[in-house]
Amino acid sequence: MTDEEKKALIWHWDPVLERIYTRKQFEALEDETIKSRCNPISFYDWQLLRKNIPAGKHIGNDPATNMPTYIDDPAPTPEEELQQEKEEKQRFLESTNTETILYLQQLMTPISLDPGEEQQPIMTEAEYAELNSKRLEYAERIKEINTILAG
C-alpha cells in the first residue's frame, strides 16, 4: 500500500475510550453516541504515531484536539520502583555468575602452563573481593525488597 493510499484510508479515534476503530469496525458500531464522538484519522497518521512512540510515553487523547497524541506515562508506584530495582539487581547477579565461578575454579584448580607461558588470571583477588561484596549487598537488598513487597 502506498503512502497516498494509506492517507486516503480513514480510521476513527474515540477520545473517550482512547481507542482506534478501523473503517469496518466503525461501520459496524451500533452505538450512535460512540460514533458521534469519534474523529477521523488517516491510517498513515495512525501508523506514524504507533511506530514512533518515545520512551516514557503512550498514546492517549489530546483534550485540546480530541485526537491521539503522546502522553507521559504515569510515574511508577513505589511498588513498581522496588520491583524494577529488584530486577536490575537480579540481572547483575546473573550476569556475574560466570565470572565468580571462573575465579573460584581458578583458585581450586590452577592451570599448569608450559614453561615461558604467562597465566592471565580471570580477576585479581581485590577485584573478586569488590565483586563479591557488591553481589552480597545486592542479594541482601533483594531479600529486603521481597520482604517489603510481601507486605
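# Group meeting talk: a walk along one predicted chain

The protein chain has six helices and five strands. Keep in mind that this is a predicted model. From the N terminus on, the elements run α-β-β-α-α-β-α-β-β-α-α. The radius of gyration is 28 Å, well over the 15 Å that the globule rule gives for 151 residues, so the chain is more spread out than a compact globule. Look at the C-alpha trace along its principal axes: it spans about 85 × 45 × 25 Å.

How many of the 151 residues count as buried? The share is 26%. The chain exposes about 10,900 Å². Carbon and sulfur atoms supply 52% of that area. Now take contacts between residues at least 6 apart in sequence. Of these, 51% join residues at least 24 apart.

Let's start with helix 4. This helix covers residues 43-51. Which of its residues are buried? They are Phe43, Tyr44, Trp46, Gln47 and Leu49. And what do they pack against? The buried residues of helix 4 pack against helix 1, strand 1, strand 2, strand 3, strand 4 and strand 5. On the slide, helix 1 is 3-8 and strand 3 is 39-42.

Next, two loops. Glu18 sits in the loop between strand 1 (10-14) and strand 2 (19-21). Its phi is near 50 degrees, a positive value in a residue other than glycine. Now go to Asn66, in the loop between strand 4 (57-62) and strand 5 (67-72). Asn66 is not a glycine, yet it has a positive phi of about 55 degrees. Asn66 counts as partly exposed, at 33% relative accessibility.

Stay with strand 4 and find His58. His58 is partly exposed, with a relative accessible area of 30%. Set aside neighbours within four places in sequence. Then His58 is in contact with Ile53, Thr69, Tyr70, Ile71, Asp72, Asp73 and Pro74. Take one of these, Thr69. It is 11 residues from His58 along the chain, and their C-alpha atoms are separated by 8.1 Å.

Past strand 5 comes Ala75, in the loop between strand 5 and helix 5. Ala75 counts as exposed, at 67% relative accessibility.

On to charges. The count comes to seven salt bridges. Here are some of them. The side chains of Arg37 and Asp14 meet at 2.8 Å, N to O. Arg37 lies in helix 3 (residues 32-37) and Asp14 in strand 1, so the pair ties together parts that are 23 residues apart in sequence. How accessible are the partners? Asp14 is buried, with a relative accessible area of 0%. Arg37 counts as partly exposed, at 25%.

Another salt bridge joins Glu27 and Arg23, with the closest N and O atoms 3.3 Å apart. Both lie in helix 2 (residues 23-28), four residues apart, about one turn of the helix. Arg23 counts as partly exposed, at 40% relative accessibility.

Then there is Lys57 with Asp72. Their closest N and O atoms are 2.4 Å apart. Lys57 lies in strand 4 and Asp72 in strand 5, so this pair ties together parts that are 15 residues apart in sequence. Lys57 is partly exposed, with a relative accessible area of 30%. There is a network too: salt bridges that share partners join Glu85, Lys89, Arg141 and Glu144.

Helix 5 covers residues 78-108, and Met108 is in it. Met108 is exposed, with a relative accessible area of 68%. Together with Leu104 and Leu107, Met108 makes a nonpolar surface patch of about 330 Å².

Helix 6 takes in residues 125-150. Let's check its length. At 1.5 Å a residue, its 26 residues should span 38 Å. The end C-alpha atoms are 37 Å apart, which agrees. Which residues of helix 6 are buried? They are Tyr128, Leu131, Arg135, Tyr138, Ile142 and Ile145. These buried residues pack against helix 5. After helix 6 comes Gly151, with a positive phi near 90 degrees.

Notes. Residues are numbered from 1 along each chain as its sequence is written. This is a predicted model: local features need pLDDT of at least 70, side-chain atom pairs count only at pLDDT 80 or more; totals for chains, interfaces and linings use all residues. Side-chain values use heavy atoms; hydrogens and water are left out. Patches are made of residues with over 30% relative accessible area and no salt bridge: like charges are joined within 9 Å, nonpolar side chains (Val, Leu, Ile, Met, Phe, Trp, Tyr) within 5 Å. Accessible areas come from the Shrake-Rupley method with a 1.4 Å probe; for residues, only the protein chains shown count as cover. A salt bridge is a side-chain nitrogen of Lys or Arg within 4 Å of a carboxyl oxygen of Asp or Glu. Buried means under 20% relative accessible area, exposed over 50%, partly exposed in between (1.4 Å probe, protein chains only). The expected span of a helix is 1.5 Å times one less than its number of residues. Contact means heavy atoms within 4.5 Å. The radius of gyration is taken over C-alpha atoms; the globule rule is 2.2 Å times the number of residues to the power 0.38.
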